[in-house]
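Have the coordinates open as you read.

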Amino acid sequence: MARDIQLKERWDILIEKLSAQFSDGDPLELDAIIYLVGVQELGKYHRTYKKDEKLDLMHIAICRLLEPYGFYEFDYFDEEGWPHYTIKEELPALKAGEQSVLMKEAIVNYFIDKEYIS
């Protein structure tokens, strides 16, 4: 229970900080944060992305976020600098709420590792 409370507190801090930096006052949603992680991982910040590239960025983010859990492993950067991952272990079947908690936990841990939050 204490772990859940700590995750919620950290998540709320992260949402507030990211929303202040990247939003016009509306709290960022989970998908938007996943997209931001993808842009961060690609490292190409000041450009406009096409719809399919945005999906690729979200895929990069999910792979990177779930890498510490053993589901993905970084493989290589392609000639355009996009990271590629291989699947190490299939994701278990999770209910929507369980998926959300896993992603929030992974995102919070990512931003702690990046020293964006503590």
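Starting at the N terminus, the chain's elements go α-α-α-β-β-α. That comes to four helices and two strands, where helices (H or I, at least four residues) and strands (E, at least two) are DSSP runs numbered from the N terminus.

This is a predicted model, so local features need pLDDT of at least 70 and side-chain atom pairs pLDDT 80 or more, while totals for chains, interfaces and linings use all residues. Residues are numbered from 1 along each chain as its sequence is written, and side-chain values use heavy atoms, with hydrogens and water left out.

| Property of the chain | Value |
|---|---|
| Accessible surface (Shrake-Rupley, 1.4 Å probe) | about 7900 Å² |
| Carbon and sulfur part of that surface | 51% |

Buried residues (under 20% relative accessible area, 1.4 Å probe, protein chains only) make up 36% of the 118.

Now zoom in on S23, in the loop between α1 (2-22) and α2 (30-42). A polar atom of the S23 side chain sits 2.5 Å from the backbone oxygen of D26. Leaving aside residues up to four places away in sequence, S23 touches L18 and L28, with contact meaning heavy atoms within 4.5 Å.

Notes: Buried < 20%, exposed > 50% of the residue type's maximum accessible area, 1.4 Å probe, protein only. Polar contact = N/O pair within 3.5 Å; in protein donor to acceptor, adjacent residues only side chain to side chain.
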